[in-house]
Amino acid sequence: MSAGPAAAPLEEGLRSLVRVGLDTHRIAPALHKILAEQVPRVGRMAEVMDTSRRITQLIEAYLCKHAAQLPPDRDPALEAQLLETTLQALCHM
């Protein structure tokens with residue numbers, strides 16, 4: 001991906017998204033676990049949700065850029081939400 005993930009073809013970009021998401025959670029799993037448990041307790045959940053929304057918006061923008069490669073019945077906004085939610089769930093399992 002010499003042009004960067006945002007310019008990558010759809011399949012390659014989605015693979016990169018998953019790889020980066022998983023790799024990010026592997027950097028310090030114990031610290032990530034503590035943060036995931038403590039953030040709601042210290043009242044910072046709004047910030048987490050805002051970050052999640054921004055990630056979803058970036059994924060949606062990428063999918064819209066590649067809309068011609070998506071099946072015609074797919075909604076990029078819904079697909080972005082599904083991808084972000086699924087990746088978070090898999091990382092936190």
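Biologist: How should I read burial here, and what share of the 93 residues of the protein chain counts as buried?
Modeller: Buried means under 20% relative accessible area, exposed means over 50%, and partly exposed lies in between, with a 1.4 Å probe and protein chains only as cover. On that scale, 23% of the 93 residues of the protein chain count as buried. This is a predicted model, in which local features need pLDDT of at least 70 and side-chain atom pairs count only at pLDDT 80 or more, while totals for chains, interfaces and linings use all residues. Residues are numbered from 1 along each chain as its sequence is written, and side-chain values use heavy atoms, with hydrogens and water left out.

Biologist: How many helices and strands are there in the protein chain?
Modeller: Helices (H or I, at least four residues) and strands (E, at least two) are DSSP runs, numbered from the N terminus. The protein chain has four helices and zero strands, giving the pattern α-α-α-α along the sequence, and its C-alpha trace spans about 45 × 25 × 20 Å along the principal axes.

Biologist: How does the length of α3 compare with what is expected at 1.5 Å a residue?
Modeller: The expected span of a helix is 1.5 Å times one less than its number of residues. With 21 residues, α3 reaches 30 Å from its first C-alpha to its last, close to the 30 Å expected. For helix α4 (residues 76–92), the 17 residues should span 24 Å, and the end C-alpha atoms are 24 Å apart, which agrees.

Biologist: Which residues of α3 are buried, and why can they be said to line one face of the helix?
Modeller: The buried residues of α3 are S52, T56, I59, Y62 and L63. Because they fall within an arc of 120° seen down the axis (the arc being that of the directions from the helix axis to the C-beta atoms), they line one face of α3. The face turned away from that buried side carries the exposed residues A46, Q57, L58 and K65, whereas the buried residues of α3 pack against α1 and α4.

Biologist: Which residues are buried in α4, and what do they pack against?
Modeller: P76, E79, A80, E84, L87 and C91 are the buried residues of α4. They cover an arc of only 130° around the axis, so they sit on the same side of α4. On the other side of α4, L78 and L82 are exposed. The buried residues of α4 pack against α1 (10–26) and α3.

Biologist: Which residues does L14 touch?
Modeller: Contact means heavy atoms within 4.5 Å. L14, which lies in helix α1, touches Y62, L63 and L83, not counting residues up to four places away in sequence. L14 and L63 are 49 residues apart along the chain, yet their C-alpha atoms are separated by 9.2 Å. Over the protein chain, among contacts between residues at least 6 apart in sequence, 64% join residues at least 24 apart.

Biologist: How many salt bridges does a search of the whole structure find?
Modeller: Side chains of opposite charge can pair when their charged atoms come close. A salt bridge is a side-chain nitrogen of Lys or Arg within 4 Å of a carboxyl oxygen of Asp or Glu, and the search finds five. In one of them the side chains of E11 and R15 meet at 2.6 Å, N to O; these residues lie four apart in helix α1, about one turn of the helix. E11 counts as exposed at 52% relative accessibility, and R15 is exposed at 54%. Another joins R54 and D50 at 3.4 Å, N to O; because they are four residues apart in helix α3, about one helical turn separates them.

Biologist: Which residues do salt bridges that share partners join into one network?
Modeller: The side chains of D73 and R74 meet in a salt bridge of 3.7 Å, N to O, and bridges that share partners join D73, R74 and E79 into one network. D73 is exposed, with a relative accessible area of 63%, while R74 is partly exposed at 41% and E79, at 19% relative accessibility, counts as buried. E79 touches L63 and R74, not counting residues up to four places away in sequence.
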